[in-house]
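This briefing sets out the architecture of the protein shown below. The points that follow are grouped by topic.

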Amino acid sequence: MTARGRFITLEGVDGAGKSTHAGWIADTLRAMGHTVVATREPGGTPLGETLRGLVLSESMTLDTETLLMFAARSEHLAQVIEPALARGDWVVCDRYTDATYAYQGGGRQLGADRVAVLEQWMQPALQPDRTWLFDVPLELARARLADARQPDRFEREEAAFFERTRAAYHARAAAQPGRIHIVDSSQPMEQVRAQLYAELQAMARSAP
Ligand code: TYD
């Protein structure tokens with residue numbers, strides 16, 4: 001029987017530097033001999049990518065936005081994440097359910113309870129094995145975003161939205177410190193990668 005793969009998710013407010021590390025994490029795992037599926041949310045399937053296009057550009061109610069995040073996630077779990085883990089692959093996913101707690105629950109003030117209802121409905125058992133929360137002070141995240149290409153609906157939000165989103169991420173990390181590890185993303189890139197590399201090696205050594 002094939003051992004189940006590992007599920008790693010990457011989180012953080014826009015501009016925290018998460019996406020910079022996503023490709024490097026996948027490459028590092030491949031160099032360690034693992035088969036890796038690198039994917040993202042919202043998205044990761046043809047329908048999910050269509051939903052991503054809508055949710056990042058169209059105005060909609062908060063309920064619609066939240067349900068679309070979970071609709072995309074449902075497809076992603078069924079078509080990509082669960083089959084990959086069953087094959088024994090490692091899945092590296094740029095954002096997952098913690099993002100809904102942070103952005104819709106915190107940033108948009110839906111509250112964690114409402115998000116929890118949908119999480120329970122859809123995927124009560126599947127939690128990431130490790131989540132890295134890339135964390136930077138808000139001013140640094142905003143400065144990095146200012147250099148970015150065309151901002152999407154979330155990236156255009158005001159500073160208070162990101163404060164609430166970051167606070168909700170911190171609350172998640174405080175509640176689940178075994179799974180969610182905070183990475184100080186204001187450090188030089190080599191230091192961030194040294195922390196990630198040490199954790200990846202420890203994960204690869206431990207039983208799934
Ligand atoms: P992001 O992951 O930052 O991608 P990029 O680096 O290409 O900008 O963009 C996805 C956006 O979607 C981000 O602003 C956060 C938002 N989002 C939510 O609001 N809720 C969710 O559940 C997820 C997965 C993402």
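Both faces of β3 are covered, with W90, V92 and D94 buried on one side and V91 and C93 buried on the other; buried means under 20% relative accessible area, exposed over 50%, and partly exposed in between (1.4 Å probe, protein chains only). The model is predicted, so local features need pLDDT of at least 70 and side-chain atom pairs count only at pLDDT 80 or more, while totals for chains, interfaces and linings use all residues. Residues are numbered from 1 along each chain as its sequence is written, and side-chain values use heavy atoms, with hydrogens and water left out. Helices (H or I, at least four residues) and strands (E, at least two) are DSSP runs, numbered from the N terminus.

**The sheet**

- Five strands form an open sheet in the order β2-β3-β1-β4-β5, with parallel pairing; two strands pair if DSSP finds at least two bridges between them.
- The edges are β2 (36–40) and β5 (180–184), each of which pairs on one side only.
- On average, neighbouring strands of this sheet are turned by 20° against each other, direction ignored; axes are lines fitted to C-alpha atoms, for helices over the stretch in contact, and angles run from 0 to 180 degrees between N-to-C directions.
- β2 and β3 run parallel and are joined by five bridges, with V91 in β3 as the bridge partner of V37.
- β1 and β3 also run parallel, joined by four bridges, and I8 stands opposite V92 in β3.
- Four bridges join β1 to β4 in the parallel sense, and L10 stands opposite W132 in β4.
- Strand β4 (residues 130–135) pairs with β5 in the parallel sense over five bridges; the partner of D135 in β5 is D184.
- Six of the six residues of β4 are buried, so this strand is largely enclosed by the rest of the structure. R130, W132 and F134 point one way from β4, and T131, L133 and D135 point the other way.

**Helices across the sheet**

- Helix α3 (residues 62–87) lies across β1 (7–11), β2 and β3 (90–94), and runs at about 160° to β2.
- The 26 residues of α3 reach 36 Å from the first C-alpha to the last, close to the 38 Å expected at 1.5 Å a residue; the expected span is 1.5 Å times one less than the number of residues.
- A kink of about 50° in α3 is centred on L77; the bend at a residue is the angle between axes fitted to the seven residues ending there and the seven starting there.
- Buried residues of α3 include M69, F70, H76, L77, V80 and L85. Their cover includes β1, β2, β3, α2 (46–57), α4 (97–107) and α5 (112–122).
- Just after α3, G88 takes a positive phi of about 95°.
- Helix α7 lies across β1, β4 and β5, running at about 145° to β4.

**Nonpolar cores**

- The largest nonpolar core has 36 residues, and those with the most contacts inside it are I8, L10, I25, L29, Y103, W132 and F134. Such a core is a set of buried Ala, Val, Leu, Ile, Met, Phe, Trp, Tyr and Cys residues joined through side-chain atoms within 4.5 Å.
- Helix α7 (residues 159–175) gives the most to this core, with five residues.
- Apart from this core lies another, of eleven residues, among them V37, L77, L85 and Y96.
- Not counting residues up to four places away in sequence, Y103 touches G12, V13, D14, R95, R108, F154, F161, F162, T165 and Y169; contact means heavy atoms within 4.5 Å.

- Q104 is found in helix α4 and counts as buried because its relative accessibility is 1%. Leaving aside its neighbours within four places in sequence, the contacts of Q104 include L62, E65, M69, Q109 and F154.
- R95, in the loop between β3 and α4, has a positive phi of about 80° although it is not a glycine. At 12% relative accessibility, R95 counts as buried.
- Q109, in the loop between α4 and α5, is not a glycine either, yet has a positive phi of about 65°. At 58% relative accessibility, Q109 counts as exposed.
- A cis peptide bond with omega of about -10° joins E41 and P42, and P42 is found in the loop between β2 and α2.
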